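Please read them alongside the sequence and the coordinates.

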Amino acid sequence: MNNNIIPFDKATLQSYFSPRSGEVKLGESISTLDAEDWRTWLRHTAADIIILGAPEDIGVRANHGIGGADTAWQSFLSAFLNIQYNKFFPLDRVGLLGTLNVAKLMEDCTADASIAALRAATEQVDELLAPVIEYIVSLGKIPVLIGGGHNNAYPLLKGLSMGKNAPINVINMDAHADFRALEGRHSGNGFSYAKYDGYLNRYAALGLQHAYNNTAMVQAFEEQCDLLAIWWEDIYLSKKFTFETALAAGLQHVNDGYFGIELDLDCLQDTLSSAQTPMGFSRIDAISYIYTAARDAHAAYLHITEGVFVRKDGLQFAMIGKLISYLVQAFVKAKM
């Protein structure tokens, strides 16, 4: 398990920020893994909010999606490590663990890889990530995972569940329930696999859209009391909820125990992802969601997923890293 994480050497870390006289950038002072033994570092660092990246798009492609989710992590680092270190950010609380070691899997999963091969590789990503999350949680720390596909909700829930020795709740801001059939692992069935395997207890899906959830998923949410669907159309068309009451209902469903906070960036209007949408939540909605949810003492991880800097079809979104940086800052400030 020692090679599950690639640490930052000093030169690599410094490449993400630009020092300036009279100022201190986050990248100059953040606690970061600088040795091979990440478990020892985690035991000794005072930081309790631990950031790591998953630069992979294997699970997205295994779900017949467009690749590119592997590019968000590097973009995030360039934005996040360049922000000012001042009294408004509790740097002593935050540690930068490193990068999930998926480079060989990404290399093997070429553009012409079969769906079967991609799904088998997604299981290997699960096996890499879940024990890292379990170890972070076992130390009483809070993981923040950036990048990759929504397939990584499964190893997050598995690791948190094993670390807490109990099934875990989750709230997910998303247009898609990602509760598809158990047909081999991919980005569309992380929650259904977690439920089937006993790692997931209660699930609140905030902002599901009528047009992008199949009949089987709709029926599952109607029939299973552990599953709560809050439809985007009920917020912005029929006005059954305001955004605030919708979020409150979702949190009430999950905050009787430890829960994860999931944000799929494909639910945000005009934000590049595999399933980019012109009609979704605003970025202000997203930052309010994360800050409000993270203030609950039971909030035990943050997962920001599906964002893309450069998509495989050539589309680009230069602001993805800065957007994710704002969202992570909101999570950290909620925990102050």
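1. Helices α13 (283-294) and α14 each supply at least two residues of the lining of the second largest pocket, and α14 gives the most, with four residues. Helices are DSSP runs of H or I of at least four residues and strands are runs of E of at least two, numbered from the N terminus. A pocket is found on a 1 Å grid over the protein atoms alone, as an open set of points where a 1.4 Å probe fits, with protein on both sides within 12 Å along at least five of seven lines; lining residues have an atom within 4 Å of a point.

2. This is a predicted model, in which local features need pLDDT of at least 70 and side-chain atom pairs count only at pLDDT 80 or more, while totals for chains, interfaces and linings use all residues. Residues are numbered from 1 along each chain as its sequence is written, and side-chain values use heavy atoms, with hydrogens and water left out.

3. The lining of the second largest pocket includes Arg-283, Ile-284, Phe-317 and Lys-322. By class, this lining has seven nonpolar residues, no polar ones and two charged. Here Ala, Val, Leu, Ile, Met, Phe, Trp, Tyr, Cys and Pro count as nonpolar, Asp, Glu, Lys and Arg as charged, and the others, Gly among them, as polar. The pocket holds about 150 Å³ of space, a volume being the space filled by probe spheres set on grid points joined across faces, edges and corners.

4. The largest pocket holds about 260 Å³. Of its 17 lining residues, Asn-63, His-176, Asp-178, Asp-266 and Ala-275 lie nearest its centre. Five of the lining residues are nonpolar, seven polar and five charged.

5. Which residues touch the most other members of the largest nonpolar core? They are Ile-51, Phe-80, Met-173, Leu-206, Ile-261, Tyr-289 and Val-328, out of 63 residues. Helix α14 (residues 320-334) gives the most to this core, with nine residues. Such a core is a set of buried Ala, Val, Leu, Ile, Met, Phe, Trp, Tyr and Cys residues joined through side-chain atoms within 4.5 Å.

6. Thr-305 lies in strand β10 (residues 299-305). Thr-305 counts as buried because its relative accessibility is 0%; buried means under 20% relative accessible area, exposed over 50%, and partly exposed in between (1.4 Å probe, protein chains only). The side chain of Thr-305 reaches the backbone nitrogen of His-150 at 3.2 Å.

Notes
A polar contact is a pair of N or O atoms within 3.5 Å; within protein, one must be able to donate a hydrogen and the other to accept it, and residues adjacent in sequence count only if both atoms are side-chain atoms.
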